[in-house]
Amino acid sequence: MTILDYFKLDGKVAIVTGASSGLGVAVGHALADAGAAVALGARRSDRLAVVRSDIERSGGRAIAITADVSDPDDCSRLVAEAVETFGHLDILVNNAGIGTAVPAIRETPDQFRQVVDVNLCGCYWMAQAAARAMTSGGSIINVSSVLGLTTAGLPQAAYSSSKAGLFGLTRDLAQQWTGRKGIRVNALAPGFFATEMTAQYREGYLASIEPRMLVGRQGEPHELAAAVVFLASDAK
Ligand SMILES: NC(=O)c1ccc[n+]([C@@H]2O[C@H](COP(=O)([O-])OP(=O)(O)OC[C@H]3O[C@@H](n4cnc5c(N)ncnc54)[C@H](OP(=O)(O)O)[C@@H]3O)[C@@H](O)[C@H]2O)c1
């Protein structure tokens with residue numbers, strides 16, 4: 001064994017939510033490149049089908065499953081279909097998310113609830129369904145955000161709350177499952193990446209936060225995907 005062997009995911013099965021665009025696409029490709037069979041979940045079936053074909057063209061194994069993570073039944077079905085197709089489940093990447101920016105004075109209860117339903121509750125429904133299927137050695141990776149830790153000038157009470165809540169969820173599931181079931185639970189806190197989510201933010205937003213970015217630039221999707229592969233792998 002060399003150190004690089006610990007990063008290989010051959011024989012492992014992964015689910016990636018929010019795999020129809022942005023960071024989830026990069027994560028799906030990275031896990032497949034590292035050797036995992038990947039179940040891609042999101043609501044837009046047409047986009048998922050394209051990602052699936054691209055992974056297969058690159059020599060990977062993937063299936064596409066249409067699912068809304070805010071619906072617990074969809075989460076159970078997504079896990080069941082992944083296990084039925086590939087035989088077991090080792091990795092869950094809770095990446096699906098929405099990032100609306102609405103001034104707090106105007107934000108409606110439904111707008112706030114929708115973000116929390118997807119970004120926080122959706123991760124919990126997926127983690128519960130996945131942990132029921134996983135055996136020792138499983139890994140759950142929650143994609144949170146720096147906005148769960150700090151502010152960045154946009155009116156994002158719902159988004160920031162949901163992502164801060166995801167850190168609490170991650171800590172609690174880790175204490176419940178890591179020692180007892182051998183399932184590791186970690187969170188990542190990405191900074192800024194150009195995706196469909198960030199394309200909706202106001203003109204000049206990126207320039208306004210650039211001085212606070214230590215590397216002086218936005219992230220590249222493969223940089224987040226590499227961190228996911230590490231946390232998913234036996235390199236841990
Ligand atoms: N981009 C950044 O700068 C940044 C920074 C920190 C954290 N993040 C986090 O990274 C994750 C990915 O975001 P992104 O930037 O790649 O944005 P994106 O391109 O908009 O992707 C979001 C993904 O989530 C899926 N999704 C949304 N609602 C869903 C639902 N109810 N059920 C299932 N899937 C759902 C979308 O697919 P469908 O619409 O097809 O369902 C899409 O695949 C999010 O959790 C986001 O908060 C992003």
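Buried means under 20% relative accessible area, with exposed over 50% and partly exposed in between (1.4 Å probe, protein chains only). At 6% relative accessibility, Y205 therefore counts as buried. This is a predicted model: local features need pLDDT of at least 70, side-chain atom pairs count only at pLDDT 80 or more, and totals for chains, interfaces and linings use all residues. Residues are numbered from 1 along each chain as its sequence is written, and side-chain values use heavy atoms, leaving out hydrogens and water.

**Aromatic pairs**

- The whole structure holds 4 aromatic pairs (Phe, Tyr and Trp rings, the last by its six-membered ring, with centres within 6.5 Å; planes under 30 degrees apart are stacked, over 60 edge-to-face, the rest tilted).
- F192 and Y205 form a tilted pair, 6.1 Å centre to centre with 50 degrees between the planes.
- F192 lies in the loop between β6 (184-188) and α6 (196-199) and Y205 in helix α7 (residues 205-209), so the pair ties together parts 13 residues apart in sequence.
- F192 also counts as buried, at 14% relative accessibility.
- Ring pairs join F192, Y201 and Y205 in a cluster.

**Ligand contacts**

- Around the ligand are 30 residues (a heavy atom within 4 Å); S20, L23, R43, Y159 and T195 come nearest.
- A side-chain N or O atom of S20 is 2.8 Å from a ligand oxygen atom.
- Y159 places a polar side-chain atom 2.6 Å from an oxygen atom of the ligand.
- F193 uses a backbone N or O atom, 2.8 Å from a ligand oxygen atom.

Methods: Helix = DSSP H or I, 4+ residues; strand = E, 2+ residues; numbered from the N terminus. Polar contact = N/O pair within 3.5 Å; in protein donor to acceptor, adjacent residues only side chain to side chain.
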